Amino acid sequence: MTFKAPHPPYDPTDKAGFSYDTVIRRWPIIITSIIDELHNACHFLVLESQKLEGDADSPKKKALEEKVAEGNGIVAKISKLKYEMARDRALEPIPDDGEPSREVYNKELEELALGNRNTWFTAPWLYAECYLYRLLWSFFAVTQHWQKYDPFRLSKVKTFKHSGASVLKIATTLHELGKSKDELISDPSRLEAIFTEMVQMCLWGNATDLSLLTHLTEEDIRNLQTVEKDAQEARSKFILKDDQHAVWNHVKTLKDAQVDFVLDNSGFELFTDLVFADFLVTYTPHVNSIVFHPKIIPWFVSDVLPQDFTETLQLLSDAPTFLSDLLPSSSAEESGSPSNKNGISADAFAHLKSMVDRWQDYVSKGIFKLSVPLDTPLTASGSDKGKAASFWTTPYPYWNLAILDPALIEELRKSGLVIFKGDLNYRKLTGDIKWPSWTPFQEALGPLAGEFPLLSLRTNKADVAVGVPKDVAEKLDAAGEKWRVDGRYALISFVPASSKAE
């Protein structure tokens, strides 16, 4: 029997909620950005076609013209979608595009229609947001020339490039960490201190200006237990549920275990995930392999696709080209300056290269791997290649995973720890339901609780939040804090496997 939550889901009928703001403001901006991206892509295709004017029968020219026509057709569909969304029209069934989740979405849409909850301003927010990205992908999937096109790729790469200084500083920190590797492994208390920093690095990603790992020298690492007390205290008021100690107590019981990351954003966040994974495998005796779970269609703008994972490693392996604006100038080198205006030394590029070489070696040996093949194309959700990741782009909450995808949960049960990254994964773990904020996290997980050791790292960017002490939630609400949605607050939530699941 499937789990049914005892509270209703969030939806845009509450004009004070974040879901209403999403429909009114955020989604139209995202949709417009896709239209702009396609217009630009088609413009350059037209210019390329015009260079072949003297060869009207050229197969290449014909293909370019067909691609432009298809691109304009996608723009027309997306423009219509934007128009209907603004007018609270009914959500239309997803067209037959060969993708298996189409039936899942359309069946749920039929049920919503029976309750008159099938328009943009009445449908449950979690379903409608997943539906939006699934519908957008259908416009691309049915074409000949655009079915492998990610309309968000350029923005993902551009945003990642802006994080270059942090990337290089963290690479240097990991280089320094390597100098005391043996000492670190032999001292569990120091290992815990670094583990805590890694958790917080992955928690906050690039959302706020943190110490992360970027300011740690070798001496800092040696004294981290003491140094971190003040930093932890300063950050603790923003972490409303903090299970870091509990999850470390679990991790230190592991030996040569597998850890799974259910990924969120590409770019800097994926980089921090890789750094955390590297730490677990390289610097602890507890973990010997990592499985990363990506999405297989463009999803929520910045979610990691297999091609993003591969491209990230490629870009970082040639950092002097990708991050050329951060290279120390020749004049600085001649003057003996060790770094550029951002405090980046030339050595930092070597540190990054060494770290990424290690990651690529881990990939080649299967120590780091995706849950699907690295070359999985965007249209593969219905094929054997993409099947293992298809669940992540359904509208389902994760409560009933054991019923909905038995093969996936069997794989996750093999893991020593499954780390769910980010806000959307948290919304799906809890069903995006109007739980009282003091509801125990384990209760909000429904029957998923205890299936495997589960860690959720989430900065608050949506209304749902559980595991927060009642007095804390009420105090924040009374103060008018937008603590649920402004990204300043966070939740670190851990639930171990139950005895029957182990």
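I began with the second largest cavity of this predicted model, and found that helix α4 (residues 125-141) gives the largest share of its lining, four residues. I listed the lining of this cavity as Ile 34, Tyr 133, Leu 136, Trp 137, Phe 140, Pro 151, Phe 152 and Pro 298. I then sorted that lining by class and got eight nonpolar residues, no polar and no charged. For the volume of the second largest cavity I noted about 50 Å³.

Next I checked how many cavities of 30 Å³ or more there are, and the count is two. The largest cavity has a volume of about 70 Å³. Its lining consists of Lys 156, Val 157, Phe 160, Ser 266, Gly 267, Asp 308, Glu 311, Thr 312 and Leu 315. I looked up which elements give two or more residues to this lining, and they are α5 (153-161) and α13 (306-317). The largest share, four residues, is from α13. By class I noted three nonpolar, three polar and three charged residues in the lining of the largest cavity.

I moved on to the pockets. For the largest pocket I wrote down a volume of about 970 Å³. I found 41 residues in its lining, with Asp 264, Asn 265, Phe 300, Ser 302 and Lys 461 nearest the centre. Which elements supply at least two residues each to the lining of the largest pocket? I noted α1 (18-50), α4, α5, α8 (188-204), α12 (268-282), α19 (422-430) and β6 (454-459). Of the elements, α1 gives the most, six residues.

Last I took the second largest pocket, which holds about 790 Å³ of space. Its lining has 23 residues, and closest to the centre are Lys 4, Glu 108, Tyr 396, Pro 397 and Trp 399. I found that α3 (101-114) and α4 each supply at least two residues of this lining. The largest share is that of α3, with five residues. I counted the lining of the second largest pocket by class as 14 nonpolar, four polar and five charged.

Methods. Residues are numbered from 1 along each chain as its sequence is written. This is a predicted model: local features need pLDDT of at least 70, side-chain atom pairs count only at pLDDT 80 or more; totals for chains, interfaces and linings use all residues. Side-chain values use heavy atoms; hydrogens and water are left out. On a 1 Å grid over the protein atoms alone, a cavity is a set of points where a 1.4 Å probe fits but cannot get out, and a pocket is an open set with protein on both sides within 12 Å along at least five of seven lines; lining residues have an atom within 4 Å of a point. Grid points are joined across faces, edges and corners, and a volume is the space filled by probe spheres set on the points. Ala, Val, Leu, Ile, Met, Phe, Trp, Tyr, Cys and Pro count as nonpolar, Asp, Glu, Lys and Arg as charged, and the others, Gly among them, as polar.
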